[in-house]
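Welcome! Take a moment to look over the sequence and the 3D model, and then we will walk through some of its parts together.

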Amino acid sequence: MSDIKIWKGNSTFILAAAGSAVGLGNIWKFPYMVGSNGGSAFVIVYLICILVIGLPVMASEILIGKYGRKSPINSLKKLSKDLNLNKNWYFLGVLGAIAGLLILSYYSVFAGMAFSYIFKIFPSGLENPSNYSSNYFGSLSSSPVILIFWHSIFLFFTCLIVGFGVVKGIGRSVNILMPFLFIFLLAVSAYSAYVGDLKSTLNFLFFPNFSALTPEVILSAMGQAFFSLSIGMGAIMAYGAYMPEKQVIGKTVLTIIFLDTFVAIAAGIAIFPIVFSNEYLEISAGPGLIFETLPVAFYSLPFGELFSIIFFILISIAALSSSISLLEPFTAWIEERKIIKRKIIVLLLGLSTWILGLGSIFSFNIWSEITFLGLNFLELLDYLTNNIMLPLGGFLVAILVGWLISEDFLQKNIKMNHLQFSVFKFFLKYVSAGSIVLIFFYSVL
Ligand code: TRP
């Protein structure tokens, strides 16, 4: 038992899991996805998916990790052995470990960009800051060398933390950094709501407009829910292995989901009022959205330079506490085989991810014309991971925990009262599993 590491106190698990969930997905991706997918229709489907799919699936992932006390792959092995299930269930963990590396490869490219903005100060006295900011983003994304530089730096930090291991590296860093991010984001959204067009923003985000609702939008909203909550690939399962025995899963999941959703909406309120009050900024700008809009907001702000620096530091930190969870499952699994040291494993995985990341970098510039089914490398990777691999992973978790595990076992490990348990089980069994399948086939066929 001596090599089992468990975090002390309840807060480290919550911060680590919230640290994993809250990241570029909330601050960078959510706003641009909302902007490109028609606003409120996307937001509403997203929120429903968070509740009916995200919540039960996240609880199930934690349950598996906490029971197994190992990497997702080996926790799944243990679970299927102890409960006499098919022994191939561990493939779910393998799928997740691979998905993690694929996601990390492009995540690191965007996180690197955010990191580079810490050092970017706009010249003063600009007549048209939005134009300047769009041009600047354009020149950044057309330069492979600069992107590779920042991608390398970000990946280096990710590997460094994971290399030090879960307690020292991951546990400690999130405790300090997360609270800062919340406060700052609130301040920026308040400012932006005050100077920008809040009314159009609220309308756009929440006033139901279902004309924009297509099967594609529904699938993207579901994919985004998985991505934002870090579920479907074992990241949360890996952290579940370090959860203190006494910590209650249900309450913990509610807290994480609340924080994640709160940050996504706050990011929307920080960004859209500026877009709506500025004729040069496009709501459907895509992945460049925050990089083109936020600097403009800061530009007009007293002490804007300072705020911009702080804000991009916070985004980088949020990205870092997420990226480590993308690397942890694969690393933990190989480490358990006890052949290679953790630091070497991280080095090798980091190197492979770095190479894969080049594909995403080139999608902005030298490979931008190379497409398959109309999507470039980056878009393909994004589609494959978010819209296929994560929902598939989530579906399998729902089947395993909802249908195959005995009621007694589940009841004993999840520790809910009778009513909570019945609701949880019903959702997991029918609603989560069912809606993943429905959405998937509805949009693909
Ligand atoms: N949830 C993170 C974000 O919103 C990204 C992330 C971290 C992730 N770990 C994950 C996404 C695991 C999917 C699966 O930025």
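Helices here are DSSP runs of at least four residues, numbered from the N terminus. Keep in mind as you read that this is a predicted model.

## Around helix 3 and helix 4

Let us begin with a loop. Arg69 sits between helix 3 and helix 4 (72-82), in the loop that joins them. Arg69 is not a glycine, yet its phi is positive, at about 60 degrees. Is Arg69 buried or exposed? Its relative accessibility is 13%, and buried means under 20%, so Arg69 counts as buried.

Now turn to helix 3 itself, where you will find Ser40. With a relative accessible area of 1%, Ser40 is buried. Setting aside residues up to four places away in sequence, Ser40 touches Phe204, Leu205, Phe206, Phe207, Pro208 and Asn209.

Just after helix 4 comes Asn84, with a positive phi of about 55 degrees.

## A closer look at helix 18

Helix 18 covers residues 418-444, which makes 27 residues.

Lys415 lies in the loop between helix 17 and helix 18. Lys415 has a positive phi of about 50 degrees, although it is not a glycine. Its relative accessible area is 52%, and exposed means over 50%, so Lys415 is exposed.

## The nonpolar core

The largest nonpolar core has 156 residues. Which of them touch the most other members? They are Met58, Phe291, Phe311 and Phe312.

Leaving out its neighbours within four places in sequence, Phe311 is in contact with Ile27, Phe184, Leu185, Val188, Leu294 and Phe298.

## The ligand and its surroundings

How many residues surround the ligand? There are 17, and the closest are Ala21, Gly25, Tyr107, Phe227 and Ser230.

Phe227 also has a polar backbone atom 2.7 Å from a nitrogen atom of the ligand. A backbone N or O atom of Ser20 lies 3.2 Å from a ligand nitrogen atom. With Asn26 it is the side chain that takes part: one of its polar atoms is 3.3 Å from an oxygen atom of the ligand.

Finally, find Lys343 in helix 15 (residues 342-364). Lys343 counts as exposed, at 53% relative accessibility. Lys343 and Cys159 are 184 residues apart along the chain, and their C-alpha atoms are separated by 8.4 Å.

Methods: Residues numbered from 1 in each chain as written. Predicted model: local features only at pLDDT ≥ 70, side-chain atom pairs only at ≥ 80, totals over all residues. Heavy atoms only, no water. Helix = DSSP H or I, 4+ residues; strand = E, 2+ residues; numbered from the N terminus. Expected span 1.5 Å × (residues − 1). Core = buried A, V, L, I, M, F, W, Y, C linked by side-chain atoms within 4.5 Å. Buried < 20%, exposed > 50% of the residue type's maximum accessible area, 1.4 Å probe, protein only. Contact = heavy atoms within 4.5 Å. Near = heavy atom within 4 Å. Polar contact = N/O pair within 3.5 Å; in protein donor to acceptor, adjacent residues only side chain to side chain.
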